[in-house]
Amino acid sequence: MRTGKLLAALFALALLITACGGGGETSETGDASEPATSEPAADGSEAAVGGASDVRAAMVTDVGGLGDQSFNDSANAGLERAKSEMGADTNVLESAAPTDYTNNLTQLAQNTFSPIFAVGFLMTDAVAEVAPQFPDQAFAIIDSVVEEPNVASLTFREQEGSYLAGVVAGLMTQEDTEFTNPDDKTVGFLGGLEGPLIKRFEAGYTAGVQSVCSDCEVLVEYAGTTPEAFNDPAAGQEISLRLNDQGADIIYHASGATGAGLFEAANDRQFFAIGVDSDQAALNPGVPILTSVLKRVDNAVFRTVEAYANDEFPGGEVQTFGLAEEGVDLAEFGEFADLVPSEVTDAVDQARQEIIDGNVEVPEEPGQ
Amino acid sequence: MDELTALLASTIRNATPLAFAALGGLFSERSGVINIGLEGMMLISAFAGVAGAHFSGSTIVGLLVALLVGLLFGLVHAVASITFEADQIISGIAINLLALGGTGLLMVIFFGSGGTSPRIEPFGRLPIPVLSDIPVIGVAFDQSGLVYLLYALVPLSWYVLFRSRFGLRLRAVGEVPEAVDTAGISVFRLRYIGVGLSGMLAGLGGAFLSMSLLSAFTEGMTGGRGFIALAALIFGRWNPVGAFGAALLFGFAQAIVFRGGIGFTIPREFIEMFPYVLVIVALVGFGGRAVPPAASGRPYRKE
């Protein structure tokens, strides 16, 4: 499916080019190396004037691009913070297609940017190819590991944020609200593609539920075994309705766009959903979304720029960002905060502290 | 809700988009034009409906936009494969790719980012009095207006195709276009109508997905349903009633996967291949072979 999408994007691009009557003048590769793809707002004109810092940090988005309300935007927010707080010179290149990754990374490297962030595991190969050619500059890859001395690999302990979601679900399912039924101590988990990454979310969530409600049942369901499982809201809806029929009155999802089907079901049947990656309650007003597990790519990016400025760049290392590093967290209770008793927020704060202090170790795999 | 009712409700949810698109395929293929672009027509209309409803504030206007865009994509296929005699399979593939890439691009243009669109007000449920109170099957009459439209379109399509003069001519164009031409009737015109209808019906299937079942558009949300609809059309032997039955069967199979509640579990992969296995069975001919319209896939060139 992903390759289909790429083909489709290329096809559409080709159509556009022909439609514009440009003939053979504009080639696709020419486009990618054009600085026109850079974000004008992220141009470092201020920093050049101020000269407060000599850090020149840049990033390359994956095909999702800026405006994805997810990790590309979040990474950009981290750069923006580095710009305003440290006076760093910044630049952002957006990738229209995976073929742009190498070009964009090379272009930034040739313009002496360092560190250069590659946002997303899709860029793993491109970083492994470009980084050795510029050994004096620093690179960082998000959500993946590249073993080169000048590359920092930034990954996240998603299970820790999911644990907090589990604490909320385990306690709230015992509350008597218009969305929850205290008689049935069942909660649900909707995963996207069944694999090690999403299993981390499941493991943390289940452990969190069990920590506050040992006789609670967690129903686990995955949308599929192909990347399409992240993109099938109709399947997400069917599965969520099923889990709700089986008694789950709170369902947490880690399933990308498939989760839109969960929100549909939650809205229809009036039970609670828990979102993922960004504050999905804020993005879907009116839908009973209790909270969301946040992935703070911005914090990881900012901290890495900071480390670079202090000559502590973790080149060649794999860094994991959890609760302690503010790499993951739970969003504020929004619209439905009135239904959440203070014992629940206290329990979340306590669990967060215990994980940060190392008193609680959150499993990475279910059933540990 | 008891398990049987839940299973039937799930079957209808899964089958409706398939049935709309299968009816769409029917009018195209009966006129002699293969339409594997159903998937793309569903997808672009799913987007168009949500965009129309979002910007106009009216779900009905959104539906009309979806129909119009479905028609437009049908006509693109018609121009390529009828007027320009392009390979019908390739034109269909092009439409699928265009819709997949195009909706991604349009999401960014209209809504500022890819992924999932803002939510719209979907078509609500309209329970039919008395009928919806019947145990178990009552759930079939507690649906949105689009589902009732489907119930009406199945017999209507059968009547149009097999009892009306237009239907006779449309089928003739799909079997022996030369004969229709000799009788002084325009083959091109009939085929354009067939393919245009096809686009609109597939568009209804897409609009049902994004505007009734769900209430937002997600990139790639049709997830191969257009191809399963094609399988339903073939298994239903290019007959509206048969295609509807096949769509229900495939929808039921999906419901079993999602609900699991029939006492034993079936591997999901097995159910996913089920429609295609049935197509092969139908094509090799258990209980009489499934034979496509004779002129299907063949461009007609006036002598």
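**Entry 1: one valine and its surroundings**

I looked up Val340(A) and found that, leaving out residues up to four places away in sequence, Val340(A) touches Met172(A), Phe333(A) and Thr345(A). A contact here means that the C-beta atoms of two residues, placed from the backbone, lie within 7 Å. Before going further, I note that this is a predicted model, in which local features need pLDDT of at least 70 and side-chain atom pairs count only at pLDDT 80 or more, while totals for chains, interfaces and linings use all residues. Residues are numbered from 1 along each chain as its sequence is written, and chains are lettered from A and ligands numbered from 1 in the order in which they are written.

Where does Val340(A) lie? I found Val340(A) in the loop between β12 (328–330) and α13 (342–357) of chain A.

Val340(A) counts as partly exposed because it has 18 C-beta neighbours inside 10 Å. The cut-offs I used are these: buried is 20 or more other C-beta atoms within 10 Å of the residue's own, exposed is 12 or fewer, and partly exposed is in between, with C-beta atoms placed from the backbone.

**Entry 2: chain A as a whole**

I counted 13 helices and 12 strands in chain A. Of its 368 residues, 52% count as buried. Taking contacts in chain A between residues at least 6 apart in sequence, I see that 70% join residues at least 24 apart.

How is chain A divided into domains? Domain 1 covers 36–156 + 298–321, and domain 2 covers 158–288 + 336–357. These bounds come from an automatic or database domain assignment. The centres of the two domains of chain A, taken over C-alpha atoms, are separated by 32 Å.

My next stop was the loop between α5 (100–110) and β3 (116–118) of chain A, where Pro115(A) lies. The peptide bond from Ser114(A) to Pro115(A) is cis, and its omega is near 0°.

Thr112(A) is found in the loop between α5 and β3 of chain A too. Thr112(A) is not a glycine, yet its phi is positive, at about 60°. Is Thr112(A) buried or exposed? Thr112(A) counts as exposed, because it has 12 C-beta neighbours inside 10 Å.

I then went to Asp311(A), a residue other than glycine with a positive phi near 60°. Asp311(A) sits in the loop between α12 (297–309) and β11 (318–321) of chain A. With 6 C-beta neighbours inside 10 Å, Asp311(A) counts as exposed.

**Entry 3: α3 and α4 of chain B**

Over to chain B, where I looked at how α3(B) (residues 59–83) packs on α4(B) (residues 88–111): the angle is about 150°, and the axes are 9 Å apart. That angle makes α3(B) roughly antiparallel to α4(B). For the terms, axes are lines fitted to C-alpha atoms, for helices over the stretch in contact, and angles run from 0 to 180 degrees between N-to-C directions. Under 35 degrees counts as roughly parallel, over 145 as roughly antiparallel, 65 to 115 as roughly perpendicular, and the rest as oblique.

Which residues of α3(B) and α4(B) meet? I listed Phe73(B), Val76(B), His77(B), Ala80(B) and Ser81(B) from α3(B), and Gln88(B), Ser91(B), Gly92(B) and Ile95(B) from α4(B). By class, this contact of α3(B) with α4(B) has four nonpolar, five polar and no charged residues. Ala, Val, Leu, Ile, Met, Phe, Trp, Tyr, Cys and Pro count as nonpolar, Asp, Glu, Lys and Arg as charged, and the others, Gly among them, as polar.

**Entry 4: α9 of chain B and a partner**

Last, I looked at helix α2 (residues 38–56) of chain B with helix α9 (residues 225–235) of chain B, which pack at an angle of about 135° with their axes 7 Å apart. That makes α2(B) oblique to α9(B). The contact is made by Leu38(B), Glu39(B) and Met42(B) of α2(B) with Arg225(B), Gly226(B), Phe227(B), Ala229(B) and Leu230(B) of α9(B). I sorted the contact of α2(B) with α9(B) into five nonpolar, one polar and two charged residues.

Technical notes: Helix = DSSP H or I, 4+ residues; strand = E, 2+ residues; numbered from the N terminus.
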